[in-house]
Amino acid sequence: MSEIAVIGAGYVGIPTAACFAHLGHHVVCADVDEARVRGLAKGEVPILEEGLPALVVEGLQSGRLRFVVGSQEAAAHAEFVFICVQTPQSESGAADLSVVEGVAREIAPVLRPGTVVVNKSTMPVGSTDAVARALKSAGAVTDVGVASNPEFLREGQAVRDTLAPHRVVIGCDDTEVAVRVSAVYRDIQAPVLVTDPASAEMIKYASNAFLATKISFVNAIANLCEAVNADVREVVLGMGYDPRIGFEVLHPGPGFGGSCFPKDTAALLHTADEAGYDFGLLRAVMDVNVKQRNLVVDKLRAAAGGDLRGANVGVWGLAFKANTDDLRDSPAVFVAEQLIAEGATIRAYDPAARETAAVRLPGLEVATDAYDAAAGASVLALLTEWDEFRWLDFGRVRTSMQSPYALVDARNLLDPSAMRRRGFVYQGVGR
Ligand code: NAD
Ligand code: UGA
């Protein structure tokens, strides 16, 4: 079993650290946020992630998991340092690697000979070499390996995805280092693919861009279905039975959001531009996505009679998808902001993102539950597909609303005919 440092206690770092400890490794997880580290050291997990609190407590109790402030303390005794810090989008669209470079500078002086630094954060082609250079120029001993090991977990199922990934990708030119990194995963049942660093880095971006392409494709088909009176749900069902197409990641909605697809498609487009390749397909994927968010606003405006000024709109869901509290680049937040900007009064309810929403969105009234959000509204917007929104007393919702009882279901979560029978003026996506 290995001595592992995980740098960054966020949506990737905490599940990575807790799962490695669960597998028997000794893990020290570092963050710069002291309050976060203090909480984690007491077993308080600051993100909504199924199964994670139990794993963190298990790790703390076993003594195999510790949380510390600052990367140096974690890295000083590690055989492997997994970098899990943020790589946000910069103004040019490129991934901003300044936080990663900062970590490289911090840890360089304390690394022991033989340590392997592993890039788990999403970083563009060339980053494995860039981190190696940053370590060297900050005084790291010569015998330090660097590998790319991109992460494919989904928020909301991070523990499952970490313990049972579809694949483990390791990008490294040094076979011995790659074999050592693969040994960290030896108790995980998954294909391990060892490649050169550039290919590993490209696998991560190509995977996210492909999934984003599926979503924009199905959103475009949904828009066309609306124009020709077809039902996108039937269309996707009919497509999905072909195993070459499949059913997954073909749900139309308000466009893809979250901290990754939007920034990673932008970063890949930037890489293509820099390489002199006109990636028009990816540009179109991103264009469809921006339009898709705005289409939801258009539907809500039309539902309010063409003008949102003074309209009371109830909002169900603010997170960028269900089962997460993450509001980063959420289409729901975009829609809520637009409604507020156009003069609507918003009462919003999200099962997980209540407190952050109140801080992020001044002007938004935070409701206590779905009924409270709907009460007095003339228009309802279902923006995140939380399961609890399926099982409401819709008669009660309808009675508490005002005319015209419009319901815009941007996730196709509800049954149109059942909603119309209840007296809603229902509109979904592509049907
Ligand atoms: P995050 O913002 O949730 O977490 C990053 C953490 O790193 C923060 O808590 C921050 O305080 C900490 N940090 C910053 N500088 C530090 C330093 N010098 N020392 C110690 N800690 C420091 O980010 P995230 O969502 O976990 O994403 C991390 C990376 O993983 C990104 O590159 C992202 O693209 C990639 N990724 C994310 C997901 C996801 O679902 N969120 C999935 C796969 C890959
Ligand atoms: C995504 C990928 O699925 C992960 O494999 C990857 O590791 C991660 O990005 C990353 O690199 O950070 P995540 O952002 O957690 O994971 O969310 P997804 O479940 O993929 O959803 C992304 C967005 O697409 C959400 O806004 C979601 O509502 C939307 N979506 C997803 C659709 O509109 N339709 C679908 O069929 C699927």
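Helix 5 (98-107) contributes three residues to the shell around ligand 1, the most of any element, in this predicted model. The shell comprises 27 residues in total, of which V12, D31, T87, E155 and K263 are the closest to the ligand. Sorted by class, 12 of the shell residues are nonpolar, seven are polar and eight are charged.

Polar contacts to ligand 1 involve both side-chain and backbone atoms of the protein. An oxygen atom of the ligand lies 2.9 Å from a polar backbone atom of T122. On the side-chain part, an N or O atom of R328 is placed 3.0 Å from a ligand oxygen, and an N or O atom in the side chain of Q86 is found at 3.4 Å from an oxygen atom of the ligand. Considered alone, ligand 1 exposes 830 Å², and 90% of this area is buried by the protein.

A separate feature concerns the protein surface. L237, Y241 and F247 together form a nonpolar surface patch of about 330 Å². Within this group, F247 is located in the loop that connects helix 10 (232-240) and helix 11 (261-275). The relative accessibility of F247 is 36%, and the residue is therefore classed as partly exposed, a category that spans the range between the buried limit of 20% and the exposed limit of 50%.

Notes
Residues are numbered from 1 along each chain as its sequence is written. Chains are lettered from A and ligands numbered from 1 in the order in which they are written. This is a predicted model: local features need pLDDT of at least 70, side-chain atom pairs count only at pLDDT 80 or more; totals for chains, interfaces and linings use all residues. Side-chain values use heavy atoms; hydrogens and water are left out. Patches are made of residues with over 30% relative accessible area and no salt bridge: like charges are joined within 9 Å, nonpolar side chains (Val, Leu, Ile, Met, Phe, Trp, Tyr) within 5 Å. Accessible areas come from the Shrake-Rupley method with a 1.4 Å probe; for residues, only the protein chains shown count as cover. A salt bridge is a side-chain nitrogen of Lys or Arg within 4 Å of a carboxyl oxygen of Asp or Glu. Helices (H or I, at least four residues) and strands (E, at least two) are DSSP runs, numbered from the N terminus. Buried means under 20% relative accessible area, exposed over 50%, partly exposed in between (1.4 Å probe, protein chains only). A residue is near a molecule or strand if one of its heavy atoms lies within 4 Å of it. A polar contact is a pair of N or O atoms within 3.5 Å; within protein, one must be able to donate a hydrogen and the other to accept it, and residues adjacent in sequence count only if both atoms are side-chain atoms. Ala, Val, Leu, Ile, Met, Phe, Trp, Tyr, Cys and Pro count as nonpolar, Asp, Glu, Lys and Arg as charged, and the others, Gly among them, as polar.
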